[in-house]
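This report goes through one protein model, from overall confidence down to single residues. Please keep the sequence and the 3D view open while reading.

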Amino acid sequence: MTGRARARSRGRARGQETAAPGASKAVEPAPAPAAAAAAAELVGRGRQKGAPGPFSAEAVLQISAGFQQVKLGERGGRRRDFQDGGINTRQAMEHVKDSKSGSSGHAIQLTANFFRIISRPQWVLYQYHVDFNPPMESRRLRSALLYHHEEMLGSARSFDGALLFLPNRLQNKETVLHSVTKNGENVQITVTLTNELPPTSPVCIQFYNILFRRILRILDMQQIGRNYYNPKDALNIPQHRLTIWPGYTTAILEYESSIMMCTDVSHKVLRSETVLDFMVNLRQKCGEHRFPEICTKELVGLIVLTKYNNKTYKIDDIAWDHTPNNTFTRGDKEITFRNYYKTQYNLEITDGNQVLLVSHVKRLGPAGAPPPGPAMLIPELCYLTGLTDKMMNDHIIMKDLSSQTRLEPEQRQGRLNRFVSNIQKNPDAQAELDKWGLSFDKELLRLTGRVLPGERIFQGSRSYDPPAADWSREMRGIPVITAPPLNNWLMFYTRRNGNEAQALLQTLNKVAGPLGIRMQRAVMIEYQDQQESLLRALQQNVGQHTQMVVVVLPSNRKDKYDSVKKFLCVDCPVPSQCVISRTISRPQTLMTVATKIALQIACKMGGELWSVEIPLKQLMIVGIDCYHDTTAGKRSIGALVASLNQSMSRWFSKCVLQNKGQEIMDGLKMALSAALKEYLKFNNCLPSRIIVYRDGVGDGQLQTVVNYEIAQIIDCIKSMGQDYSPKLSVVVVKKRISSRFFAHFNGKINNPPPGTVIDTEVTRPEWYDFFIVSQSVRSGSVSPTHYNVLYDTSGLKPDHMQRLTYKLCHMYYNWQGIVRVPAPCQYAHKLAFLVGENIHREHNMHLDNLLFYL
Amino acid sequence: MEPLFNPPLHRQRHQFVVDFVKRNKPPKVLDLGCSECSLMKRLKFHREVHLLVGLDIDGTKVKKKMRALAPVSTDYLQPSYDQLCVELYEGSVTERDARLRGFDLVTSIELIEHLTLADVERFSEVVFGYMTPAAVIVSTPNCEYNPLLPGLRGFRHSDHKFEWSRAEFKSWALKACSEFGYEVEFTGVGQPASGYQESVGFCSQIGVFRRLERGDDSNTLGGDDAEDVFSYKLLYSINYPSLCDNNILRRVLGSEVLYWAEKLKSRWMEKKSGEVNASCAPIETEEEGEEKHTVSQCESGASEDQEEEDEGVRWTRFQRRQDSCTSLRCVSVPLDVLWSCCPRVSTLSGSLGNLRRLLMDDPDVELSQDGDAVLVNCHEQDLEEEEAQDELEDSGYEPASRHHSAAAEQEEDWEASV
């Protein structure tokens, strides 16, 4: 079992709260060395960074043109629309205009982590346009002048320099006020009513969010990135020098039937050591020679907090040639970093030889000026947040962390209730809400979901109904559907692991029979425990007719694994299976391990393990995911996996390496064509239905998928032939969401059972979307997966779309149970990860029809 | 237009105060007319200040930016020894409030010119006569400079009630000095172009007042009021996390101790397992509950190599407990080893006795019965568990009660739903 590879493939930022790279917030226009004005990164890693949301800069000026265009900034500046608002895809789909709800299964009572926002009856937000004569340049000054007239405007107001929002209507439609500036200049201020915004207007929604942030500040919470945390309830994990701050994510949006706040418990992992401490430790551990390389790999991409302000910066680079004694231009003088921090913040820098960190400032300078260039940060004054890749792979750290952060459904619901009651109890927070005539529900939203009927698993001539979301027990001793006979295969091992390798071989033979896998004895090959000699052994022994290569690795060193996979996926295409010797060193568990390995070997060679009933004919399911390399060259890898047969047991897989600034779909278009051609070869016809499950779409990137990717997919299909027009559905799959559901059984709060579908109340009115809880978790709260059907000409009923999606979650062959996402997405994730992490090149096309990357 | 002053004048005034604070290190500082707290925001970095208080008549203005005075995230991550408490009040400088007495420094930057002359009198009485701080910094515009300001007619700000010449300022200041027992020194910021210096003076004139030491002062002043008056409204008050707070100290110390205990433990375990592999020497084990000390004191004055050895000997003091399945459960790390190994632990606790006392109250740290050692649990590398977690993060199994009523579901024609 490739424990290592699999452990890694769990990937970054699941489970623990590490600030997502996109979440790094505004950066202070801090010391920026004029010389190093590197080209600002416009598009990073193929993502749409400054997503051109529905709000454009010039729209702010067209005030009366319709409120949907107006953007309300918290403190001006650019804000990304993380909520993917204003994208209305449902209206184009006739068959879900009236209802997008399914009907199968039985009802289940749930609560969700949503709180309704209640406003006074007939509540309206009044939008005014404010004109200054003579015009005032400075926004500060404009606010100051306007706020002189408090008796007129009242204490509840929000003004961003041009637009004024009030909860109450002024007496006249147009009010003229007079102010005098410091210089004695008379200014006439004209306040004109331009709009009355109903509670559901997008501006109001933005406004609620801003108001809510104010309330969190009133509760003395610390903002880090987008969320707020409570340092007073910090949890320590001293053995790893970690501190966890509990906090909340909140987002207020218009959902199906009302405006609600979705709030979830979030944990921020912080470190109680500075970046300098970290660097010194690392240097001691890895030595002077390898330090720069390792240090860059560990630090780049991490988010830091500074000692002198509350901003977060992402480390983009390390300036090895800079120290605190370098200078930058401040005003019109040159000043050293050391002196700057001394005079400005009274902070003494003790280590004058430390190198500096570079953070590219993406925010525009004052008055829309270009970004002031990269900020240079002093390691001694910075604290790390989140976890490094190395820590993520350390299962001891992760175990200790999850023991502190994992919350059972009951605890989670308790925390959420406490949060809202804290707001209700805080007089200042209440005063702020009252001022605007708003309040919150006191209880979590109650709603009804449905539990879909269980799926029957077909395995060869037998079939069974698994009692839980797992059938590893049921499938024991039953032959799989098909498994190619294993006649010519090799096993590589080191002298030290000779016994383990022999034991594995014997056990594999023992377990293969009942599973219906015919297995000849492997050719055993010993290799020296060195990367080069392993590679040489592979080159000398793997031939044209080799069907499978098993490598027993003595440790989980990445370099050996990488070279095995590189050689066998690219140069010499043969499916391979790596096993770490420790995994097979315990006789008690060897049977279990060998069974898993036998199954894995079988499907890597094109075997089919089980299937579920798929009621649609001539259907091709496509899964797409991508992997973003945070370090080397910042390339992204897109992977596409497409089904080739009716039972969804054979798949075609392709990946593309995509360079900075390129859209992921450009390359995947070719992959989709290739998949269609392969389908034609397999079935003698093209599919009449195509359903694309697109994973890996970040917050705020939906617009790109809608505007660009769908058109690309349609183009690609058209190119197959003039009269070929299959039915097409495109579904965006999202795993990292903050919605949570709790089921109530006999007065106890539990996770919803697998197969729970939610398609009312907490969905969005402008989308055709639903949630499915497909997997089952042993501890902690289960997180549902969100499906958003962006495009659908299939005419498939919502109920069938939901059930098909759930069926596909049963088809991931590396797990004898139900997974979180449809199998093709999980396959695509696996492939992208292997390519991005280990082989760094496109795999050999001879492997396209095999699940070689499992 | 070219800025007249570089850095801007308001910043120069603040810098003047900052420099004064740096030189004199007043523990308690009060800023009158703090407005949006911009001066306080700079002063909070000077941790010799323990109490930083702002007062302004306009509470709304103060509230607007006051949260910027809160500790930043990193203040919680590594609390310092210095204490700092920030308080903000709404109120008038012409009224008394007992909470603002006895400060080391009171600043009044560009404030008095906004008061009527009658209120300036009351201001003197309240500040010099009632608050009686050790030092006061008063800045106000110097109207002799005004002709040099381009395009200026009248006062510099519409709300100014007066703008004084150097002589007027001096006479007010000297009067206050003689009345309330202070001495004053005149200076300013915003130098005019060379040549004008003598004729106009600084753009902002500043008086630095110091209280003259008079033996009977404090007594008589204290007796003035029979009762303490509280006329100001407290808007905001926050304590910075500090190691002087025993709870915080205990938390930080506890974390540090556990970190090092863990580190020492793994170093020792590595060493032990190395020995076992090398010589197959039997490890001394004990049944749970029984106490057996294998203490061998090391001789001092050893060479470099022996120092290593010494450590080894010391390690033998670790007690090991054995549970039924012969795997180690916990290791005890003696406090004196911790004390001598990690400098931060010793600085934080001050003395070994203090360390023990602090740890005893810490619920996160488990001490041995005699309180001489920290007990650390052993992480047995649990393969089984690792394997279980091996697959998809959230997958696992749990006998979910699945209703299978619809097992015999009728054949549906999905295609027909088009």
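Two strands count as paired if DSSP finds at least two bridges between them. Helices (H or I, at least four residues) and strands (E, at least two) are DSSP runs, numbered from the N terminus.

## Basis and confidence

This is a predicted model, in which local features need pLDDT of at least 70 and side-chain atom pairs count only at pLDDT 80 or more, while totals for chains, interfaces and linings use all residues. Residues are numbered from 1 along each chain as its sequence is written, chains are lettered from A and ligands numbered from 1 in the order in which they are written, and side-chain values use heavy atoms, with hydrogens and water left out.

The pLDDT is the predictor's confidence in each residue, from 0 to 100. Chain A has a mean of 83, and 88% of its residues reach 70 or more. Over residues 1–79 of chain A the pLDDT is below 50. Beyond near neighbours in sequence, that stretch still has 196 contacts (heavy atoms within 4.5 Å) in the model.

## Chain A overall

Chain A contains 18 helices and 38 strands. Of its 854 residues, 60% are buried. Buried means under 20% relative accessible area, exposed over 50%, and partly exposed in between (1.4 Å probe, protein chains only).

Among contacts in chain A with a separation of 6 or more, 73% come from residues 24 or more positions apart. The chain exposes about 33200 Å², of which carbon and sulfur atoms supply 48%. Accessible areas come from the Shrake-Rupley method with a 1.4 Å probe; for residues, only the protein chains shown count as cover.

## Nonpolar cores

A nonpolar core is a set of buried Ala, Val, Leu, Ile, Met, Phe, Trp, Tyr and Cys residues joined through side-chain atoms within 4.5 Å. The largest one has 114 residues. Trp489(A), Met491(A), Phe492(A), Tyr693(A) and Tyr827(A) touch the most other members. Helix α18 (residues 823–839) of chain A gives the largest share of this core, 10 residues. Apart from it lies another core, of 56 residues, including Leu197(A), Ile218(A), Met221(A) and Phe771(A).

Leaving aside neighbours within four places in sequence, Phe492(A) contacts residues that include Ile525(A), Tyr527(A), Leu538(A) and Asn541(A). Its partners also include Val549(A), Val550(A), Val551(A) and Val552(A).

## A three-stranded sheet

Strands β15, β18 and β19 of chain A form an open, antiparallel sheet in the order β15-β18-β19. β15 (317–319) and β19 (375–377) of chain A are the edges; each has a single partner strand, so one side of each lacks a neighbour in the sheet. Neighbouring strands are turned by 35° against each other on average, direction ignored.

β18 (residues 356–359) and β19 of chain A pair over three bridges. There, Leu357(A) stands opposite Leu377(A). Helix α5 (residues 275–299) of chain A packs on the sheet and touches β15 and β18. The direction of α5(A) makes about 100° with that of β15(A). Axes are lines fitted to C-alpha atoms, for helices over the stretch in contact, and angles run from 0 to 180 degrees between N-to-C directions.

β34 (residues 741–745) of chain A pairs antiparallel with β1 (residues 106–112) over three bridges. Ala112(A) stands opposite Phe741(A). β34(A) also pairs antiparallel with β35 (residues 748–750), again over three bridges. The hairpin of β34(A) and β35(A) has two residues between the strands, and Asn746(A) takes a positive phi near 45°.

In β37 (residues 768–773) of chain A, six of the six residues are buried, so the strand is largely enclosed by the rest of the structure. Tyr768(A), Phe770(A) and Ile772(A) cover one side; Asp769(A), Phe771(A) and Val773(A) lie on the other. Ile758(A) stands opposite Phe771(A), while Phe770(A) has Tyr787(A) as bridge partner.

## Local backbone features

A cis peptide bond joins Asn133(A) and Pro134(A), with omega about -5°. Pro134(A) lies in the loop between β3 (125–133) and α2 (139–147) of chain A.

Arg241(A) has a positive phi of about 55° although it is not a glycine. Arg241(A) is buried, at 17% relative accessible area. In chain B, Ser35(B) has a positive phi near 55°. Ser35(B) is partly exposed, at 25% relative accessibility.
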